[in-house]
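This report walks through selected features of one model, element by element and contact by contact. Please keep the structure open while reading.

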Amino acid sequence: MRFVDEFRDADKAHALAARITELCEPGRQYKFMEVCGGHTHTIYKHGLEDYLPEAITLVHGPGCPVCVIPMGRVDDAIHLASQPDTIMTSFGDMMRVPGSQGSFFDAKAAGTDIRMVYSPLDSLKIARKNPDKRVVFMAIGFETTTPSTAMTLLRARAEGLENFSVFCNHVTIIPAIKAILDSPDLRLDGFIGPGHVSTVIGCRPYEFIAAGYGKPVVVAGFEPLDILQSIYMLMVQLSEGRCEVENQYTRVVPWDGNLAALTAINQVMELRPYFEWRGLGFITHSAMRLREEYRAFDAEVLFNVPGVRVADPKACQCGEVLKGVLKPWECKVFGTACTPETPIGTCMVSPEGACAAYYNYGRMNRRRVVEVEVGRP
Amino acid sequence: MSERGASWVDEALREHEEHTAAEHTAAVDQAAEHGAAEQGAAEHGTGGRPGSPSDREQQVLDRIDRARRRRPRIREERITMSHGAGGKATHTLIEAVFLDAFRNPLLEPLEDAAQLQVGGARLALTTDSYVVSPLFFPGGNIGDLAVNGTVNDLAVSGATPLYLSAGFVLEEGFPVADLTTIVASMTAAAAAAGVQVVTGDTKVVERGKADGCYINTAGVGVVEHDLAMGAATARPGDVVIVSGPVGDHGVTIMLARGELDIEADLTSDTAAMNGMIAGLLGAVPGVRAMRDATRGGVATILNEVAVAAGVGVVVKEDQIPVRAQVRGAAELLGIDPMYVASEGRMVAIVDGEQADRAMAALRAHPLGEQAAVIGHITADSPGIVLLKTAFGGTRIVDLLVGDPLPRIC
Amino acid sequence: MCLGIPGEVVEFLPDQPDLARVDVSGVRRVINVGLLADDLPELGEWVLIHVGFALSKIDESEAAAALQFLEGIGQAYADELAALAESRIE
C-alpha cells in the first residue's frame with residue numbers, strides 16, 4: 001500500500017532507533033507524550049516501543065474523543081435513540097462504550113434502532129431513505145472529524161432534509177493539551193503532536209506550548225516510522241537546546257491547516273461555553289455545538305435530552321490514565337474488574353484507548369529500568 | 001442536575017474482590033505449606049529493586065492472568081451481536097451456558113467436531129447454522145457455505161466427510177426461485193466434496209423472521225487413521241501453517257451488505273477442503289491439529305490453541321498471506337484481517353520436523369497453492385499469542401470481544 | 001481520531017463536482033472532496049481519506065523527501081555497521 005508500507009519499514013526503524021539512542025544523555029530519562037489516541041494505537045499495534053531505549057518513556061495523552069465522553073452523554077444518546085420512530089447512527093467506535101444502563105450494543109439488543117455508519121454522509125442516506133423516521137447522527141471526534149460533520153450539515157440544509165439531526169459531541173484538542181500542561185502531576189520533555197487534527201488546524205496552534213511552556217512539539221504522522229522519526233526530531237531539538245514546533249508529517253499536514261475545513265466548521269458550529277470531559281472535569285471553550293441558525297438540525301434542541309450528569313464509578317481511574325499520570329496497568333481495576341469484555345471505563349473500550357491498546361496488544365513485561373526522577377528546574 | 005451512578009460497576013468490583021480474597025487465601029495457604037515467608041511476589045522480583053516498576057507491572061500481569069482463568073460468567077441480560085462473533089463473548093456464552101449445562105467429556109474439547117466411538121468405528125459429528133446476510137454474494141450463496149462449512153468442520157477433525165443433514169427455516173414470502181438456486185448450489189457443492197445430503201427438515205416462519213432463509217446442518221464422517229489430534233496436542237517446536245490468503249469471505253460479505261458503499265473485486269473463498277486435507281494427512285503423520293478459519297479468523301484459532309495446549313504461539317505478520325484488496329478494505333475500515341472469517345482456509349499445527357512435507361502436500365492442491373508457514377509453537381508465554389509485526393516490534397494477539405467493528409479513530 | 005488512509009483519485013462523478021472515486025489497494029469508494037474545493041485533486045493524485053471525506057492532498061514530493069531522509073539515516077547506519085564489522089577483522 002503506497003504511502004503506508006514505506007513508512008513501516010523495519011530496516012529504517014533500526015537506523016532511526018540507533019540515532020535516537022545516541023542522542024540520549026547518560027543518566028537522563030525522557031518522557032514524551034503522544035497526544036492522539038491514534039498514535040497510542042499505532043505504537044502498540046506495531047510494537048514500536050521495542051525500538052526505544054529504556055531511557056525514553058512514552059506517556060499516553062487524552063486525544064481519544066471516545067474516551068472523554070462522560071457516561072451521562074452516552075445515556076443521553078441512548079435516550080434519543082429510544083424515542084419512537086427514531087434511528088440513531090453512530091461510528092463503530094461508540095458501540096461498546098458503557099453508559100450507566102449499558103452501551104449502544106446493549107440498547108440495540110433491547111430493540112433500539114442503532115446503526116453503524118462509516119461516514120456521516122451515510123446517515124444522510126438513511127435519512128433520505130426513511131422519510132417517516134427521525135435520523136440522529138452521534139457526532140464524535142476532535143477537529144479531524146468535525147469538518148465532516150459540518151459538511152454533512154451544510155448538505156442536509158442544502159437538500160432541505162427535515163428528518164436529520166446531529167447530537168454533537170465534537171471536542172477540541174488545545175484545551176486538552178493545556179489541561180495536561182497545567183497539571184502539576186506530570187513532567188514531560190516534549191509532545192508528539194496529533195497529525196490528522198493538524199491537517200485541519202495546522203501547526204500554529206501548538207506554538208504556545210513551545211513559547212509559553214518550553215516544551216518542543218513535533219507533529220507526527222500515523223505510521224510507525226513517522227512516530228519514530230518524530231521522537232528522533234524531539235531528541236535532536238533537546239540535544240540542540242531548541243524548543244520549537246516542527247512538522248514531521250509534511251506530506252499531509254499544511255502548516256496553515258485547511259481553510260475550507262475551518263470555514264465549514266465556523267459556518268455551522270460554535271464553541272460551547274464549557275463541556276464536561278470524562279476524567280478531566282469541566283473545561284471552558286473545549287467543545288462544539290450547532291449554531292442557532294442550524295437549530296433545525298440540533299438533536300439537543302429537537303429532542304428533550306435529559307442531560308443527567310453521571311458520576312464516574314469511584315473505582316474508575318480513566319481520568320488519570322487520560323492525563324498520563326497513570327499507566328494503564330497502574331489502574332487498580334485494570335485487567336481484573338475492568339477488561340475489554342467488561343469495561344468499567346472508556347479507556348478500555350475505545351479502539352484507541354490506552355488501556356485497550358495495552359490490554360489487547362501490549363500486555364507483556366518489557367523490562368524497564370527503575371525509573372529515576374531527575375531534578376529539573 | 002441530578003446524578004446517578006452505575007450499579008453494575010459496584011457488582012463487578014465486589015465480585016472481583018471476593019475472587020481476589022479467595023485467591024489470596026489459597027495462595028497464603030499454599031505458601032504456608034511450603035514454608036516460605038510470603039509477603040507477595042513483589043519483594044522477590046526478577047532482578048529489579050523490590051517494588052520496581054518492572055516487578056509491579058509483572059504483578060499486574062500475573063493478576064490479570066489469574067483473572068482470565070476464572071470461570072466465565074454471563075453478565076449481560078440479553079444476547080447481543082457480540083455473542084455470535086466467535087470472540088470472547090461467544091466463548092463466555094458457550095462455557096457459561098452450554099458447556100455448563102451439557103457438560104460431558106465428549107463435548108469438552110470444544111473442537112470443530114465431536115469424536116465418537118460407535119461400535120468399532122470412530123466417527124466425527126458436527127453441526128452448524130448458516131444465517132449469512134446477504135444470501136447471495138460474490139463467490140457463492142448460503143447453500144455453498146452450508147455444505148462446504150460442514151464438510152470442512154469434519155475434514156479438519158481428521159474425518160472423511162460422508163453424510164449431511166440440511167434443515168431449512170424459510171421466511172414466509174421467500175421466492176421459491178431463490179430456494180431452488182440455493183439448493184442447486186448445495187447439490188453441486190456436495191458432489192464436488194463427495195458427500196450426500198441424506199436427511200433434512202423444512203419449517204416456515206412468519207414474514208419478518210429468518211432473513212429469508214436460515215440453514216442448519218449436521219455432518220457425519222468416519223475417522224480412518226490412528227492420529228490423536230486436537231488443539232491440546234500442540235507442543236513447542238511445532239509450526240503454524242495457514243492454507244492460503246485470509247479474510248476474503250468476511251470482507252466480501254461486509255462489502256456485499258452495501259452499507260459501506262465500498263466496491264472491490266473480491267469473492268468469497270468458500271470451498272470444500274477435504275481433498276486438500278486428505279492429501280495433507282496422507283503425507284504427514286505429524287499433523288497435531290487443524291481448524292477451519294471461520295468467524296473469529298486466524299487470531300481466534302491461535303488463541304484457542306495457546307490456551308488448550310498451554311503453549312505460546314509466535315507468528316510473523318509479514319508471513320500471513322492477505323490479498324491486497326482485503327488489506328485495503330481492512331485498512332480503510334480500521335479492522336484487522338487476522339480476525340476476519342474465511343470459508344475455505346484452515347490453520348494447521350504440524351510437527352516442525354515435517355513442515356516441509358506439509359507445505360509440499362498443501363501446495364500440491366489448488367486450494368493450498370498459497371499456503372504459508374506463519375509461525376511456531378513455543379514453551380514461553382503459555383496461553384499467549386505473540387505477533388512479530390512487519391515493523392519489527394512485538395505485540396500480543398488477543399481474542400476480540402465481538403466482531404471487529406469499523407472505526408474512525 | 002484519526003484513522004486516515006491514503007487513496008488515489010481515479011474518477012470524478014460527472015454531475016457531482018464534490019464527489020470523487022478513490023482507490024485503496026484495489027478497493028474503491030466514492031468520497032466527498034469538498035474540503036479541498038480550493039485546490040481540487042486531479043486524477044492520479046493521492047488524498048488522505050477520513051470518514052468518507054478527503055482531508056488533505058498527499059504531497060508526493062514531501063513524501064519522497066521524507067523517505068529520502070529516512071533512507072539517508074538508514075545508509076549512514078549501514079555504513080557504520082559495515083565499518084564496525086570491518087574494523088574487527090584485524
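How many residues does helix 10 of chain A have, and how far does helix 10 reach from its first C-alpha to its last?

## Helix 10 of chain A

The model is predicted. In it, helix 10 of chain A covers residues 224–239 and has 16 residues. Its reach from first C-alpha to last is 23 Å. That is close to the 22 Å expected at 1.5 Å a residue.

Helix 10 of chain A is largely enclosed by the rest of the structure, because 13 of its 16 residues are buried. After the helix comes A:Gly241, with a positive phi near 70°.

Is A:Asn360 buried or exposed? A:Asn360 is buried, because 22 other C-beta atoms lie within 10 Å, and 20 or more is the cut-off for a buried residue.

Neighbours within four places in sequence are set aside here. A:Asn360 is then in contact with A:Pro340, B:Ile396 and B:Asp398. A:Pro340 is 20 residues away along the chain. The C-alpha atoms of A:Asn360 and A:Pro340 are 8.3 Å apart.

## The contact between chains A and B

Chain B puts 53 residues into its contact with chain A, and chain A puts in 61. On the chain B side, the elements giving two or more residues are helix 1 (7–33), helix 2 (53–68), helix 3 (88–102), helix 9 (324–333) and strand 15. Helix 2 of chain B supplies the largest share, nine residues.

What is the make-up of the side of chain B that touches chain A, by nonpolar, polar and charged residues? There are 23 nonpolar, 15 polar and 15 charged residues.

## The sheet of chain B

Inside the order, strand 8 (residues 239–242) and strand 13 (residues 372–378) of chain B pair in the antiparallel sense. Four bridges join them. B:Val240 stands opposite B:Gly375 of strand 13 of chain B.

## Chain C

Chain C has one helix and five strands. Along the sequence the pattern is β-β-β-β-β-α. What radius of gyration does chain C have, against that of a compact globule of 90 residues? Chain C has 20 Å, whereas the compact globule would have a value near 12 Å. The C-alpha atoms of chain C fill a box of roughly 75 × 25 × 25 Å along the principal axes.

Of the 90 residues of chain C, 40% count as buried. Among contacts in chain C between residues at least 6 apart in sequence, 28% join residues at least 24 apart.

## The contact between chains A and C

Chain C has 30 residues in contact with 44 residues of chain A. Strand 4 (46–50), strand 5 (53–57) and helix 1 (60–88) of chain C each give two or more residues to this side. Helix 1 of chain C gives the most, with eight residues.

By class, the side of chain C that touches chain A has 19 nonpolar, eight polar and three charged residues.

Definitions and conventions
Residues numbered from 1 in each chain as written. Chains lettered and ligands numbered in written order. Predicted model: local features only at pLDDT ≥ 70, side-chain atom pairs only at ≥ 80, totals over all residues. Pairing = 2+ DSSP bridges. Contact = placed C-beta atoms within 7 Å. Nonpolar A, V, L, I, M, F, W, Y, C, P; charged D, E, K, R; others polar. Rg over C-alpha atoms; globule rule 2.2 N^0.38 Å. Buried ≥ 20, exposed ≤ 12 C-beta atoms within 10 Å, placed from the backbone. Expected span 1.5 Å × (residues − 1).
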